[in-house]
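The sequence and the structure are shown first.

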There are 2 protein chains.
Amino acid sequence: MNNIRVAMWGFGAMGSGIAEVLCRKKGVEITGVCRQNPKYEGKSMYEVLGIERGDRPEALIHTDITKVVYKGAADICVIATDSFTRDVFPKIKYAVEQGINVVSIAEEMSYPKAQEPELAAEMDRLAKENGVTVLGTGINPGLMMDLLAICFSGCMTDVESVMCKRVNSLSPFGPLVMKEQGIGITVKEFEEGCKNGHLSGHVGFAESAGMIAEAMGWKIDKFEQQMKPIVTGVDRKSPYGFAKAGDVAGVNMTAQAYVDGVQRIDLIHPQQIEPEMEGTQTGDYIVIKGTPNINMANTPEVDGGIGTIAMCVNMIPHVINARPGLKTMLDLPVPHAIMGDMRDMIEK
Amino acid sequence: MNNIRVAMWGFGAMGSGIAEVLCRKKGVEITGVCRQNPKYEGKSMYEVLGIERGDRPEALIHTDITKVVYKGAADICVIATDSFTRDVFPKIKYAVEQGINVVSIAEEMSYPKAQEPELAAEMDRLAKENGVTVLGTGINPGLMMDLLAICFSGCMTDVESVMCKRVNSLSPFGPLVMKEQGIGITVKEFEEGCKNGHLSGHVGFAESAGMIAEAMGWKIDKFEQQMKPIVTGVDRKSPYGFAKAGDVAGVNMTAQAYVDGVQRIDLIHPQQIEPEMEGTQTGDYIVIKGTPNINMANTPEVDGGIGTIAMCVNMIPHVINARPGLKTMLDLPVPHAIMGDMRDMIEK
C-alpha cells in the first residue's frame with residue numbers, strides 16, 4: 001500500500017509543526033507545501049525544516065497553490081491558514097474541487113454550522129459532489145472544551161448542564177499572541193481594543209457550544225459571550241510579555257448557551273501570562289451535572305500548540321476513511337495518537 | 001419516521017435498568033423482553049417495571065427468545081446476559097441471523113479479539129453476511145479504563161505509556177457482588193477462591209489493553225494480570241457487606257501490557273467496601289506519558305451500574321448507523337448522552 005500523501009497549505013507555527021510531526025510518523029509523506037512568503041519559493045521543505053530527507057520524495061515549497069494542490073496531488077490537504085470559516089472557505093472549495101480531502105485547523109471550522117450555516121451547507125454539498133471529506137479540528141475548539149465533555153457524557157443517562165473551563169498560560173507564546181491578547185496594555189486600552197476588534201481573544205465558543213448542543217440533542221435559543229481583562233496585582237514577566245501591576249496580564253473569555261430559557265452550557269477560558277504569580281493553577285476542567293455527575297480535572301492544561309498539531313495529524317486517517325461530506329468531530333471515530341504505521345488505520 | 005425498536009435479551013439489574021432509561025427517552029420503544037425466570041412469562045414489561053405504559057405499544061416478557069427476537073421484530077437487540085464472549089456468542093449469532101443489530105454489555109465483547117479472535121472473526125463475518133452491526137460496550141471495559149484514555153491521546157504527538165486507575169467503592173452493591181468479590185472472607189479463603197475460580201474479580205483488562213494497543217498501533221507481546229486481597233485494618237460495614245479487621249474488604253486487580261519488551265500499559269483497579277474508612281479516595285485516574293503529558297482525575301468515580309446502562313443506551317443510534325460488521329468503540333463516533341429524540345441521531 002502506498003503512503004498516505006499530504007499536501008500542506010499554510011506553513012506558520014501550526015503548519016510547519018504539523019509537517020514536523022508527520023515527518024516522524026510511518027506510512028505518510030508530504031507532497032508539497034504552499035507558503036505565502038516568496039523567499040521560500042522552490043525550496044525543499046526538508047531543508048527549511050532542517051530535517052534529513054533520507055529516501056523520502058522531495059516536497060517543494062511554492063507560493064502558488066496550483067503547484068501544490070491539484071487533481072491527484074495528494075490524498076488530503078492540511079489547511080493551516082485562518083481562524084474564520086469565511087476566510088478559509090475559498091481554500092477548502094478549491095481543494096475539494098480537486099478531489100482532495102481536507103482537514104482544517106480554523107477554529108470556526110470545528111463546527112461551522114454555528115456561525116456560517118450557509119457556507120457549511122455549501123461545503124457539505126461540494127464535498128459530496130466530489131466524493132471527499134472535510135473536517136475542522138484542533139485542541140480548542142475540537143477537544144478540551146467540547147468533544148471531551150461530550151465523550152464523558154456517554155456514561156450519563158441524563159445531563160442537566162455542562163461546564164468546561166480551560167485555564168492556560170500564555171507565557172510560552174510569542175510577540176504576536178502577546179499583542180492579540182492585549183498583554184501589558186492598560187485597562188482603558190483593552191476596552192478600546194475590544195470595541196475596535198483589535199483584540200482577538202479566544203475564537204471558538206459558539207462552535208464548542210454548538211457541538212455540545214448537537215450531541216445532547218439541545219437547540220440553543222440564546223448564546224452570550226464576554227471578554228474581560230485579567231488585571232494583575234503584581235508585575236508579571238514572560239519571555240515575550242510584560243504586564244505591570246494594574247495593567248492587563250491576560251483575557252478572561254466566558255460564554256453561556258441557553259436551551260428553552262435554561263442555561264445549559266457554561267464555557268470559561270481565562271488566558272494569561274504567568275498565572276502562578278497570583279496563585280492561579282492551570283488546567284482543563286469539566287463539570288457535568290446529571291446522572292451521574294462528572295467532575296474532571298486535567299492538570300496542567302494541554303498545551304494549545306502541540307495539542308492542535310496532534311489533533312490535526314491524528315485525524316488524517318479518520319478523514320480519509322469517512323463517508324463524503326462536511327464532518328465534525330461528532331461524526332468520526334474517537335481521536336487518538338498514532339504510534340504505528342498510519343496506513344494500518346486506513347480501511348480497505 | 002418510526003421509533004427505534006429495541007428488543008431486550010436479559011432483564012437482570014442491567015437489562016431492566018437499560019429498559020427503564022429507554023422508557024424515559026424520546027423516539028425509541030421496546031418491542032419485547034426475554035427473561036429466563038418463568039414467573040414473568042407473558043407479563044407486560046411496563047407492569048413489572050411499575051412504569052405507566054401510556055400510548056406505547058405493549059412489550060411482553062417471554063422465556064422463549066424466538067417470541068422476542070425474530071426477523072423484523074426490532075432494529076436492535078440489547079443483550080445483557082453474560083460477561084464472556086464464549087457464553088454470549090450463540091445469542092449474538094442468533095440475533096444477527098434474524099437481521100437484527102446487537103449491542104452487548106458482556107465485558108469481553110468490548111474487544112473480543114483480545115481473547116477470542118476466532119469468535120470475533122466469525123461474528124464479523126456473520127454480521128456482514130446479514131447486513132447488521134455488533135458492538136460490545138459498557139463503563140469498564142468500554143470507557144473509563146480504555147476509550148477515555150484513547151480520546152485524551154488524540155491531543156498527543158507521541159505516547160510512551162498509558163496508566164488507567166479506577167478506584168471504586170463496592171458499598172452500593174448487593175449480596176451477589178459481595179460474594180463474587182470475596183468481601184468478608186479471610187485471606188486464606190481469598191487465596192483458595194482465586195485458585196478455584198470462585199472469585200471473579202474484574203473482567204476486562206485484556207480487552208482494555210487490547211483496545212488501547214490497537215488505537216496506538218502497538219502489538220502486545222506480553223500481558224500479565226494479578227488479583228490480590230485488600231486486607232482491611234479496621235472493621236468495615238456496608239449495607240450488604242462486612243469485613244472485620246484483618247479480613248478481605250475488596251480485591252485489587254492489576255494488569256500490565258508490554259510492547260517489544262517495554263511496559264506500555266498499566267491498569268489498576270482496586271474495588272472495596274467503604275474505602276474512605278482507610279483514607280482511600282475513589283476516582284477515575286488517567287496518566288499518559290508522552291508529548292504532552294496527560295494527568296487526569298475524575299472524582300468520585302463514575303458509578304459502574306449507571307455508567308454501563310448509559311453507555312449501552314447511548315450507543316444504540318451509533319450501532320444502527322454503522323457499516324455492517326463487528327465493531328468496537330474505536331470504530332464508532334464518540335459516545336454521548338441523548339437528551340433529545342433518539343431518531344434525530346439516525347442517518348438517513
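How many salt bridges does the rule find across the interface of chain A and chain B?

## Salt bridges and basis of the model

The rule finds 4 salt bridges across the interface of chain A and chain B, a salt bridge being a side-chain nitrogen of Lys or Arg within 4 Å of a carboxyl oxygen of Asp or Glu. In one salt bridge the side chain of B:Arg323 meets that of A:Glu347, at 2.6 Å from N to O.

This is a predicted model, in which local features need pLDDT of at least 70 and side-chain atom pairs count only at pLDDT 80 or more, while totals for chains, interfaces and linings use all residues. Residues are numbered from 1 along each chain as its sequence is written, chains are lettered from A and ligands numbered from 1 in the order in which they are written, and side-chain values use heavy atoms, with hydrogens and water left out.

## Extent of the interface

The size of an interface is often given as the accessible area lost when the parts come together. Between them, chain A and chain B bury about 4,100 Å², with 59% of it on carbon and sulfur atoms; this is the accessible area (1.4 Å probe) that two parts lose on being put together, summed over both. Of the area that chain A buries against chain B, 15% is supplied by A:Thr157, A:Arg323 and A:Met339, more than by any other three residues.

In terms of contact (heavy atoms within 4.5 Å), 53 residues of chain A touch 53 residues of chain B.

## Composition of the chain A side

Between chain A and chain B, 27 residue pairs are in polar contact, both residues being at pLDDT 80 or more. A polar contact is a pair of N or O atoms within 3.5 Å; within protein, one must be able to donate a hydrogen and the other to accept it, and residues adjacent in sequence count only if both atoms are side-chain atoms.

Elements of chain A that give two or more residues to the side touching chain B include α1 (13–24), β7 (158–169), β14 (294–298) and α9 (304–321). Helices (H or I, at least four residues) and strands (E, at least two) are DSSP runs, numbered from the N terminus. The element that gives the most is α9(A), with 7 residues.

## Strand pairing across and within the chains

Strands pair if DSSP finds at least two bridges between them. Strand β14(A) is joined to β14 (residues 294–298) of chain B by 3 bridges, and the two run antiparallel. Here A:Met296 has B:Asn298 as its bridge partner, and A:Ala297 is partnered by B:Ala297.

Within chain A, β14(A) is also joined by 5 bridges to β13(A), again antiparallel, and the two form a hairpin with 2 residues between them. In this pairing A:Ile288 stands opposite A:Ile294. In chain B, 5 bridges join β13 (residues 283–291) to β14(B), which run antiparallel, and a hairpin connects them through 2 residues.

## Side-chain burial

In a regular strand the side chains alternate between the two faces of the sheet.
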